[in-house]
Amino acid sequence: MRYAQGGGLTDAGRAARERVRLQAVERFEGGQKIREIAAALLRVSERSVERWRRQWRERGKAGVLSKGSPGRPRLSEAQIARLERELECGPLLHGWADQRWTLARIKTLIGRLFHVSYTVEGTWQLLKRHGWSWQQPARRAIERDDQAVEGMEEGGLATGKSTAAACDGWIVFEDEAGQSMTPPRARSWGRKGSTPVVRVRGRGSGRVSMAGLSCYKPGSRSRMFYSVREYRGRKSEPKGIGWRDLRDLLVRAHIQLDGPIVLVWDNLRMHLVEPMRRFIADHADWLTVFQLPSYSPDLNPQEGIWSLVKRDIGNLAAADLGQITRAVKRRLKQIQYRPDLVDGCLAGTGLSMDD
């Protein structure tokens, strides 16, 4: 449907709406089912068809037809612009303790700002008409330096791309992750009113540690390398990935990529230990390192790889740590043969390898 500048439907839009409702009435009279009618009428949900049929049964054809234009909007364009600015400032600024905008709160805010009373449903329609939707927010650490993150594409990554292009090398993102015997919880279908229960082992120790490299080069197929280590709680057994594991992983990637590496990683303490610094300095002919801003995992595509891995093992009732390890390795091996997934993880960060 097309809307006029004032917020209501245009004449063509109203005519199209009336035609759709008349077609629905004809199909009601023909005895068609709701699902069939919704499939035949474009851009009409089953819920709308069900409501129209109820109105048709109660009041006949007149109950289904539109009641006309809702009239002029109650807020001007300038007021809408001000409301959007206030919403972008967040609920904290307006006295609420958390950072969640609800329809009731927005309704209250409209009353405070403009002394205009909206219903909750009217508030929903107003927001939807102006491009707002109900979303699950992304989390960001309070300690995060947003200016450093915004300058990553213009500064750090741009410099890294220039360095990689000058030496005909690869830009490589590195990150670590771990998985214990308790699997990540994943959504599952269940009967309404009865929450599904996933039974996992409450006992058992151990952890699977992972390190991964997401490798990108314009004009070449994206690559991914990984290293997996088990920790079963034995004496003298490394508890996780160490700097030697990272060193060996980088050497292996360098050999298989057959080119210089521009490494991008975070400020993890293991990345800054003296042996690793010496290794980087001794191999400066093929290894250049850039640091990601602090508290910005969303800029690292390897985080997307870990999300794919853990989503695949969600609700896994593993018998032992070896089963977790096999599941992790199997999923990582699958991702290695899917460069489109590796590219998708880079796209999810908002970064680009294009010049």
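**Close-up 1. Valine 172 pairs across to strand S4.** In this predicted model, valine 172 stands opposite leucine 263. Leucine 263 belongs to S4, the strand that spans residues 261-265. S1 and S4 run parallel. Four bridges join them.

**Close-up 2. Strand S1 against strand S2.** On this pairing the strands run antiparallel. Ten is the bridge count here: 10 bridges join S1 to S2. Aspartate 175 shows one of the contacts, with glycine 212 in S2 as its bridge partner. S1 covers residues 170-180, and S2 covers 207-216.

Close-up 3. Is S1 largely enclosed or open? Of its 11 residues, 10 are buried, so the rest of the structure largely encloses this strand. Buried here means under 20% relative accessible area. In a regular strand, side chains alternate between the two faces of the sheet.

**Close-up 4. Aspartate 245 and arginine 229 form a salt bridge.** The N to O distance is 2.7 Å. Aspartate 245 sits in helix H9 (residues 243-257), while arginine 229 sits in strand S3, so the pair ties together parts 16 residues apart in sequence. How accessible are the partners? Aspartate 245 has a relative accessible area of 15%, so it is buried. Arginine 229 is at 26% relative accessibility and therefore counts as partly exposed.

**Close-up 5. Lysine 217 meets aspartate 168 in a salt bridge.** Their side chains come to 3.1 Å, N to O. Both partners lie in loops. Lysine 217 is in the loop between strand S2 and strand S3 (223-231). Aspartate 168 is in the loop between helix H8 (146-167) and strand S1. The pair links distant parts of the chain, 49 residues apart. Aspartate 168 is partly exposed, at a relative accessible area of 49%.

**Close-up 6. Glutamate 46 and arginine 35 bridge two helices.** The closest N and O atoms of this salt bridge are 3.8 Å apart. Glutamate 46 is in helix H3 (residues 46-59), and arginine 35 is in helix H2 (residues 34-40). The two residues are 11 residues apart. Which accessibility class does each partner fall into? Glutamate 46, at 40% relative accessibility, counts as partly exposed. Arginine 35 reaches 63% relative accessibility, so it counts as exposed. The count for the model comes to seven salt bridges, including this one between glutamate 46 and arginine 35.

Definitions and conventions
Residues are numbered from 1 along each chain as its sequence is written. This is a predicted model: local features need pLDDT of at least 70, side-chain atom pairs count only at pLDDT 80 or more; totals for chains, interfaces and linings use all residues. Side-chain values use heavy atoms; hydrogens and water are left out. A salt bridge is a side-chain nitrogen of Lys or Arg within 4 Å of a carboxyl oxygen of Asp or Glu. Buried means under 20% relative accessible area, exposed over 50%, partly exposed in between (1.4 Å probe, protein chains only). Two strands pair if DSSP finds at least two bridges between them.
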